[in-house]
Amino acid sequence: MMHRDTIEAFKSGDDLAFVSIYNHYKTGIYSFCLKMLMSRDLALDAVQDTFVRVYENRDRLMNTGAFKSWLYTIARNQCLNRIRKLKREVPLDEACELRSDQSPIGELEKSERIEFVNRYLAALSPSYREVIVLREFQNLSYEEIGAITRSTISAVKSRLFKARRKLANEMKPAMAMMAARAAEKPAENESDTK
Amino acid sequence: MSDGHQHNEAPSIDDSPCSESDVDLYLDGELPASREADLFRHLSTCSSCRDCLNSVLSLRRIHGEEYISVPPWADDALLARVDKRRRAGRRTAQLHTNQSIWSARTTVTIRSVLVVAGAVLVSAAYLTKQFASASGHVFVEQEHVRFIDPIPPLRSEVYVFYPGLTIEADR
């Protein structure tokens with residue numbers, strides 16, 4: 001967690017404190033933007049705009065304790081603006097090129113596995129995607145997610161649980177295939193040994 | 001299981017109702033230890049809840065394998081952009097300080113406008129009064145009357161002040 005003094009110093013105009021804050025949060029914000037926008041260029045652009053806004057609006061930050069939520073709120077707004085602008089919601093059929101008839105997750109190369117998961121993630125609506133990314137990847141609490149998305153904790157929980165169900169339903173064929181392969185493998189090994 | 005509902009499509013071996021919220025609580029590390037045994041018993045028979053759990057765990061695991069970092073050129077680009085903004089901000093601030101008082105624009109409250117307007121009215125009224133008294137015919141007027149034929153014989157000049165008549169002779 002970022003030290004409060006650093007945030008206070010940044011608020012009072014210390015540019016070194018800003019660099020320190022940037023270095024501390026840049027990977028998390030980039031990761032969030034990348035998963036929301038599914039494009040490196042767009043994500044880097046959103047990260048830059050986020051930190052420039054943070055720098056310019058430092059005097060609007062009232063509570064230094066809520067800096068992280070404030071930062072993610074700005075990043076979220078940047079992402080949603082871009083999604084709205086580009087209408088980048090990828091249709092599910094287009095997104096999930098890798099289906100159960102192809103290699104199951106366990107047999108894919110690392111980069112392919114990442115690509116595979118990203119495609120399912122991209123198929124979710126932005127409102128579901130953001131809670132999944134904030135909770136599963138950024139490890140934020142319900143309270144923090146509520147502050148970022150301007151929702152109540154119960155609304156966050158409800159949306160997160162629905163998003164998980166939706167993701168599970170979409171990934172179900174691939175997961176079933178993987179489980180079947182995993183079950184087959186011990187049987188093959190047993191027959192080989194005989 | 002607690003507050004769950006029955007999955008329609010779940011080919012569950014046992015008939016215990018699914019507790020989706022328990023799966024979610026477990027995933028978030030908030031399920032009480034006393035309920036974990038029940039959840040695992042349920043997961044062993046309910047494919048739907050198991051799929052949900054597995055897909056989220058897979059998602060986490062695969063995300064953990066992904067190495068995400070901001071390229072160095074992006075750091076440089078951001079810091080250059082911020083530096084540019086900072087310089088522009090300084091220039092603007094300097095321009096503001098060098099501005100003449102006539103071109104300065106500030107926001108004022110209605111209250112201050114009313115106070116200033118009242119002060120202007122009061123001072124205008126006062127000045128009008130002063131001006132009127134200084135220029136002539138209101139409060140004090142002096143006329144110099146010269147008698148051709150001095151009556152009474154000892155006085156040749158009479159000063160008349162009015163309102164409130166005052167006559168003053170030179171002797």
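This is a predicted model: local features need pLDDT of at least 70, side-chain atom pairs count only at pLDDT 80 or more; totals for chains, interfaces and linings use all residues.
Local features need pLDDT of at least 70 and side-chain atom pairs count only at pLDDT 80 or more, while totals for chains, interfaces and linings use all residues. Residues are numbered from 1 along each chain as its sequence is written, chains are lettered from A in the order in which they are written, and side-chain values use heavy atoms, with hydrogens and water left out.

The size of an interface is often given as the accessible area lost when the parts come together. Chain A and chain B bury about 3600 Å² between them, and 62% of this lies on carbon and sulfur atoms. Buried area is the accessible area, found with a 1.4 Å probe, that two parts lose on being put together, summed over both.

Helix α7(A) (residues 126-137) packs against helix α3(B) (residues 47-65). Helices here are DSSP runs of H or I with at least four residues, numbered from the N terminus. The angle is about 65 degrees and the axes are 10 Å apart, which makes α7(A) roughly perpendicular to α3(B), a term for angles of 65 to 115 degrees. Axes are lines fitted to C-alpha atoms over the stretch in contact, and angles run from 0 to 180 degrees between N-to-C directions. The contact is made by A:I132, A:E136 and A:F137 of α7(A) and by B:V56, B:L59, B:R60 and B:H63 of α3(B). By class, these are 4 nonpolar, 1 polar and 2 charged residues. Nonpolar covers Ala, Val, Leu, Ile, Met, Phe, Trp, Tyr, Cys and Pro, charged covers Asp, Glu, Lys and Arg, and the others, Gly among them, are polar.

Within chain A, α7(A) also meets α2(A) (residues 15-37) and α4(A).

| Helix pair | Axes come within | Crossing angle, roughly |
|---|---|---|
| α2(A) and α7(A) | 10 Å | 150 degrees |
| α4(A) and α7(A) | 12 Å | 145 degrees |

In the second pair, A:Y72, A:R76, A:L80 and A:I83 of α4(A) touch A:P126, A:R129, A:E130 and A:L134 of α7(A). Here the division is 5 nonpolar, no polar and 3 charged.

The whole structure has 22 salt bridges over all chains, and 10 salt bridges are counted between chain A and chain B. A salt bridge is a side-chain nitrogen of Lys or Arg within 4 Å of a carboxyl oxygen of Asp or Glu. A:K35 forms one with B:E66, with the closest N and O atoms 2.6 Å apart. Another joins A:R58 and A:D15, at 3.7 Å from N to O. A:R58 lies in the loop between α3 and α4 of chain A and A:D15 in helix α2 of chain A, so the pair ties together parts that are 43 residues apart in sequence.

Notes:
Helices (H or I, at least four residues) and strands (E, at least two) are DSSP runs, numbered from the N terminus. Angles under 35 degrees count as roughly parallel, over 145 as roughly antiparallel, 65 to 115 as roughly perpendicular and the rest as oblique. Contact means heavy atoms within 4.5 Å.
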